[in-house]
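Good morning, and thank you for coming. I should like to take you through one structure, beginning with a single helix and then widening the view.

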Amino acid sequence: MAVVQSNMAVECETSIVFNEFKHFDEFNSLVEEVCTSVGDVRKEEMLLTKFTVIFGWYQEQPHLLDPHLTAMLGKCIALIYQNIDSPRTYHFVFKIIHLMINTRGYKCLVRLMPHTVDDLEPVLDLLKTQDLNDHDNWQTRYVLLLWLSIVIMVPFALERLEKQGKPPLSECVLNEAKKHVVLDDVTQDGAAYLLAKLISRPDVYPSKLEDLFLWAECELKDANYDSHKDQMRVSGCLRSFANICKIVPRAVLYPHASRLLNIINTLIPERINKNVLLARLRTKLIQRIGLLFCPRRAAAASWRYQRGFRSLMDNLSSIMQSQTNVLCGGDMCLSDAASSTESYLTSKTQGNEEKDDDEIIDVPDEVADVIDQLIDALRSKFTYVRWSAAKGLGRICSRLTAPFVDDVLSAILNLCTRLEPFTAWHGACFALAELGRRCLLLPEKLPEVIPVVLTALFYDEKSGDCNFGSNVRDAACYCCWAFARAYSASDFACHVHEVSRKLILSALFDRELNVRRAAAAAFQENVGRQGQFANGIEIITTVDYFAVGSISNCYLNLSKFVAGFEEYTSAVIEHLAFARLGHWDENIRDMAARALNKLTPLAVEQLQQSILPKLLHNVGSSDLYMRQGSVLGIAEVIESLSATNSLPGEIVDSIVEIFSKLEERKHFHGVAGELMRRACCRLIEKVSTSKLPLHEHPILERWRHFLDDCLIHKESSVAEPAIPAFAAFISTYTYSKDGVLRKDYRDQLLAHLLDCLNAKTESNQVGYLGVLSQAPGFLFVDDVETSLRAISACCRPNKQTVLWGNARQRALSALTEVVKNIGLEADTISDSQLKSLYPVLIGSLADYTTDSRGDIGSIVREAGMQALLDFSSSLVKAGRLDVIDSDIMEQVFMQVARQAVEKIDRTRATACQVFVGLLHHEPQIPHIPHVEALMNIFTEEAVVDIPWRVAESTFPLFVQLLDFPDFYYQLVLGFAVSVGGVTENTVKASSAALHDYIVKHESDHDFIYGLMKTVGRAFTSLNEQPRVCLSLLKFLDFLLCDPVVASCMESHLPLVEQMVSSTWKHIRLSTEIPKLKASIDIYGAVLQFPDPVRFKAAQYLTQSLRHRYPIIRKTAASKLFECLLLYDVVAPESTEELSALLTETVWEQDLAELKPTRLRICELLGVPSTRPDSAASTE
């Protein structure tokens, strides 16, 4: 067994390839287990699953079973005969045989089945005993029908095998076949095959064929074609006659062919074309009826094309020997092509006599009718029907004369017009491929066919939000593949130039992956078979099946490689400029424009003189897609041309006019205007980065206002492209022509941008923050304080912006980017200004804003952590170490550590990466707390391959920070959120890590007491932290239930009492059921401690028994009963009564009815029945 592995960028695919049937012994051992397993449903299912797995390995290599099929089938048949009285056993064996048939095909298996005279009666009798309504064992009936189809072919007259007093065998078999052929299951296939084999017997068709026609006429005439049941009866009839036309000798069926065709034409309505099964079977039957009218003739092959070498090796050898006949570019010499053509014509002349014989043969009119119906089927909306029609046309044409085939070819080509739907194009390509594959397209017809096929290679029809044509393009690739195998190199030489370019364009630039791969395969086949494609070997080794899998790789990398060959340069650039830039998919237009940018250096003159003028003209096109694509293409091309100083002055003037023309024609309005806005933003960006000489030009102010409009547009897809465009605009056009900075204009722009930060909508603020983050540093140098203050204000939420999470995220990023762009090496930014940024960044880590989308503050916290890393890194690299003091760095590490143990995987991963990035930064960041100890925990080797999103990897590392008391409080808040969360994986990982760490410090009571004291500190401020209240309650319950913590806290009861009291104060007036339930769990956990803590917890629990919510009363009773079983809560003599009261009372009753029970429970527990702290009763 060879294992072939292919590691792709996206996924790892593993395939298993065998060189022989490796499971024969396992198969035999499993067959031996059949008798012992049948009867036990569980064993039967397991055994059948094992057989299914075995044959599943060979679905793509079924031929490996051939050497063992006889033995395997014989073993199964023997088992059937041995257990003929045990239906359940032989049903199971037939399922095994069906798996073999599914894998290898019924034709191979049928030949190997026993087919002696002795098998006929047992098989027929067994089939008769089967229940047609037994849907669990249909495999038995299917295999028996196939078996009977070979047994019925015994070389004796069936009447000699009949017994007295029994009906004729042929009648019995015919009846059984008719019963099964109209069923709605797979047995219909086997019955149709059996029927055809039976009718093919010389002693049967004279008497039964007419009856079969009458039966079919009756079924088709009486069928209700709107009923599924009747549709299946019709499909059985059609399938049967399709098999009969295939198997029964033509001499037998020819006298009945006209009648059969008439039945199909008159009794089957047109509306069956809406049913894929019936339409396909009708098409299959029609083509086979047509073959009955066309006799097989050896003379029919005389006019067909003789393709020469069938072997690829022979073909390549001949090409290598005749290299002198091939030019360097790969085109065949005229003399060589002439000699080859002369040889082909000579072979035709030698067959003139036979051809004359062909032409005098009359073709029946029925053949024309059949071909018309098949050509009409090429338009069907079902691919199966079109494929069947194409195959039928190929088979029929192989028996016709050349003039008739020419007429068929003309009809097929007439399907390839813009008036026909895509289905007609698809069917026509199938038919052309079939004609070519069968050598029915003569070389002189290729000039008519090749243009149609090449047009189909780029067929694309848009309809609303959908497009059609990918299957047409795929079929066109199949045509090219078939032609490569059908024609010799000399006869195909005149088409090589055009086909090679179109195929490589399809392989590189088609939108659909399957079409790109099909085109690449066709190109490779042509290179191998024809040997004339220019630079074919170099291209197919790079543009292969896997390389074309990524469309961005095709456009941005492979296109440049292919265009590097002179023969393809012009074709690739023109296709991108005039086909792909007008594509309906915006992503394709964008990639085509970027590809042109990369290809410009390869054809500067062509782009200057031909491409750019036409693109400028297309800007005024009425086609929206071409208009936008042209603007994108112009933008990318001018950037590349300006880099080589190859941009003519008149082109610059035309570019300036683009915006005015579009504005005058109101192309920026509406939904279509969004596309043009995006394109013009790209144009402004590329014009600015190219530094075209437009300084102080009047158009600049119009561009700026346009960018302002785009930045405040409601659609982010319009605002985002305006951000880099505005930044590039500032970088270039705040300078005058002579390179002098226009300070007044710069200050005006800065004031405008900062003023726009006071926007009324989040999207507006996000847009201008994006511009500031990408703006050049010289924009801020004279007003750093104001700029930093304005951006910092956007990082803090206020009443208006509290839900603007995206804006704060962008502001944090902008803050660090502005500092970088200004530069830290000079003294442009003072130390005090830099220090003022740390509180802003650290404060963002406390943003836990939530809205209908959930925790939107998480993106702010992530941005804040990343900003802290970037800002600190910039300070250290610039040598501004005085800005970083110990207090700031301690806060940074504690806050980031808290985020590293919280519940959101994405946020936790970001925190871990930032924590490690700060710790291992080069050069070293000063004032990191406990730096050496942290280095030992987070070693460089350990953190390299850690998957930070995986909770099981991160919590065990960060729990070790509890070794440092200054991390306690933040870690407790973080762990509380994770341990008390709702995500099972996070809860389990955090709880396990904390429990293991506590157990490790079991003997360190000071540590446990310090940890619990920190928890108590958090509990005293529950009202200040409503977000973590529920999590803290669950976290406290987790700690109190831990035996290590519980044993330690027995000597620190005041702390436990304080936390219980804090819980009661916060919860007593709450109406939130989850919090109330969590508090009950805490009271129950505290019952394990001695008085006075136990007394207070019992009192709180009994107060929960009088709560107005029945679910809370019931939960409190259950918890109290649970504690009775675990702890010594009351005296032993009172336990039984108390347990009975708690379990037998219906706590959903009214409070008045429950009062006596509750008072008795309080009496047994020894606690007062009144509310603690003299609070009012809820009763």
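Contact here means heavy atoms within 4.5 Å, and buried means under 20% relative accessible area, with exposed over 50% and partly exposed in between (1.4 Å probe, protein chains only). Helices (H or I, at least four residues) and strands (E, at least two) are DSSP runs, numbered from the N terminus.

Please note that this is a predicted model, in which local features need pLDDT of at least 70 and side-chain atom pairs count only at pLDDT 80 or more, while totals for chains, interfaces and linings use all residues. Residues are numbered from 1 along each chain as its sequence is written, and side-chain values use heavy atoms, with hydrogens and water left out.

Which residues of α33 are buried? They are Ile651, Val652, Ile655, Val656, Ile658, Phe659, Ser660 and Leu662. The helix has 16 residues (649-664), which at 1.5 Å a residue should span 22 Å, and its end C-alpha atoms are 24 Å apart, in agreement. The expected span is 1.5 Å times one less than the number of residues. At glutamate 657, α33 bends by about 30°; the bend is the angle between axes fitted to the seven residues ending there and the seven starting there. Just after α33, lysine 666 takes a positive phi of about 60°.

Let me turn to two residues elsewhere. Serine 240 belongs to helix α12 (residues 228-247) and is buried, with a relative accessible area of 0%. Beyond its neighbours within four places in sequence, serine 240 is in contact with Val181, Ala192 and Leu195.

Alanine 976, in helix α49 (residues 968-979), is buried, also with a relative accessible area of 0%. Its contacts, leaving aside neighbours within four places in sequence, are Gly981, Ser1031, Leu1032 and Phe1035.

As for the whole chain, the domain assignment, which is automatic or from a database, gives domain 1 (16-112), domain 2 (393-549) and domain 3 (1002-1165). The centres of domain 2 and domain 3, taken over C-alpha atoms, are separated by 79 Å.

Finally, confidence. pLDDT is the predictor's confidence in each residue, from 0 to 100; its mean for the protein chain is 88, and 93% of residues reach 70 or more. Over residues 322-359 the pLDDT is below 50, although this stretch has 30 contacts in the model beyond near neighbours in sequence. Where pLDDT is low, the predicted coordinates should not be read in detail.
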